[in-house]
Amino acid sequence: MPRPILATVHLDALRHNLNQARLRAPDAQVWAVVKANAYGHGIERAFEGLRSADGFALLDLEEAQRIRALDWRGPILLLEGVFEPRDLELCSRLGLWHTVHCTEQVDWLAAHKTQVPHRVFLKLNSGMNRLGFTPTAFRSAWARLNALPQVEEISLMTHFSDADGPRGIAHQVAAFEAVTADLPGERTLCNSAAILRHAGSPLKGEGAVTTLAADWVREGIALYGSAPDHPENTAASWRLLPAMTLSTKVIGVQSLRAGDTVGYGSAFTADGPMRVGVIACGYADGYPRHAPTGTPVLVNGVRTRVVGRVSMDMIAVDLSPLDASVGVGAEVVLWGVSPATGAVLPVDEVAASAGTIAYELLCAVAQRVPFAVV
């Protein structure tokens, strides 16, 4: 039989999480953000769960081609725009909308020969200082784009750096409004954290009061069942469901005495008699090597802990909370939902224990791990 590790993508959870964005931003259209191969879930695997989105937002042309190959005829947005002039040819052919965040991209559009004008999203650097035109340069960039026959429509966008934390978004909203208030075009501001925490906040827009949800919202990590502001809020707090379960089985059991150690470097020492289960998962499967003793795990739906160092192919888990009959073949959930019991282990908790974020764990599931879709 194959090694028992499995990553399962839950289509109903994706549909549910997409609907949460609609409930919080009922007047907006929703981008399903599927960059990084749908945050590690697989674009093709996740597509049916996200088909009701109004558009798909991603990073590169290869991913855009994969979406079109699934017979998606709606909007696709390149969040970082094009990376060289010839990318615009594929944008024309595939009907891609694309972000414009720098002068070079405007220059490439001006030189581009096309019979089909492009829909572009002009990005304002409202304070994140990553991509986008500064407030002083934004309007001149808009004027240049507006004069180009290669451009059909200009939408306006920005990205929040602190929507998930105490600093919030007011400073960036003020910067966006100051520059764009009298400009035409659809707006997109909200990422997952802003959808959940701020989507109902007021925004002046084109001379009228609307909400931060504006015309489009961009749902990323929340689609996949992770709370962007964990640990202040949990996925359950936001009514999100885990879209991926990483599961495996116990493949061996060791009975320890006080003073026995576990794994490389003897990083864990038993302080009394205990049973340890060895499970088929390790850092070569994408589980974080730096996850310490105490990182939560479910065995037969019962919460227990990792003990000792994560190895390439195996992890040791504490079987003390379970009945003595639990052994080889027992179900193990590294994150997600127990198929047998329905118990949930949020990926955010595992990530927090390992000193990282859910995005990294979901994106890091290794190629050797088989996937199923349910």
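Biologist: What does the accessible surface of the protein come to, and what share belongs to carbon and sulfur atoms?

Modeller: The accessible surface is about 15900 Å², and carbon and sulfur atoms hold 52% of that; such areas come from the Shrake-Rupley method with a 1.4 Å probe, and for residues only the protein chains shown count as cover. This is a predicted model, where local features need pLDDT of at least 70 and side-chain atom pairs count only at pLDDT 80 or more, while totals for chains, interfaces and linings use all residues. Residues are numbered from 1 along each chain as its sequence is written, and side-chain values use heavy atoms, with hydrogens and water left out.

Biologist: How many residues are in the protein, and what percentage of them is buried?

Modeller: The protein has 374 residues, and 54% of them are buried (under 20% relative accessible area; exposed is over 50% and partly exposed in between, with a 1.4 Å probe and protein chains only). Its C-alpha atoms fill a box of roughly 75 × 40 × 35 Å along the principal axes.

Biologist: How many helices and strands are there?

Modeller: Eleven helices and 21 strands, taken as DSSP runs (H or I of at least four residues for helices, E of at least two for strands) and numbered from the N terminus. Of the contacts (heavy atoms within 4.5 Å) between residues at least 6 apart in sequence, 64% join residues at least 24 apart.

Biologist: At what angle do helix α1 and helix α3 pack?

Modeller: Two packed helices are described by the angle between their axes and the distance between the axes. Here α1 (residues 11–24) and α3 (residues 43–50) pack at about 55°, with axes 7 Å apart. The axes are lines fitted to C-alpha atoms over the stretch in contact, and angles run from 0 to 180 degrees between N-to-C directions. The pair is therefore oblique (under 35 degrees is roughly parallel, over 145 roughly antiparallel, 65 to 115 roughly perpendicular, the rest oblique). Their crossing is right-handed, that is, the near helix is turned clockwise from the far one by less than a right angle, with anticlockwise being left-handed.

Biologist: Which residues make the contact?

Modeller: From α1 come L11, L14, R15 and L18, and from α3 come R45, A46, E48, G49 and L50. By class there are five nonpolar, one polar and three charged residues (Ala, Val, Leu, Ile, Met, Phe, Trp, Tyr, Cys and Pro are nonpolar, Asp, Glu, Lys and Arg charged, the others, Gly among them, polar). The buried residues of α3 are I43, A46, F47, G49 and L50, and they pack against α1, β2 (29–33), α2 (35–39), β3 (55–58) and α4.

Biologist: How do α4 and α5 cross?

Modeller: The axes of α4 (residues 61–69) and α5 (residues 87–94) come within 11 Å and cross at roughly 15°, so the two helices are roughly parallel. This crossing is left-handed. L61, Q65 and R68 of α4 meet D87, L90, C91 and L94 of α5.

Biologist: Is E63 buried or exposed?

Modeller: E63, in helix α4, counts as buried because its relative accessibility is 5%. Leaving out residues up to four places away in sequence, E63 touches V34, K35, A36, N37, I43 and L58. N37 is 26 residues from E63 in sequence, yet their C-alpha atoms are 7.3 Å apart.
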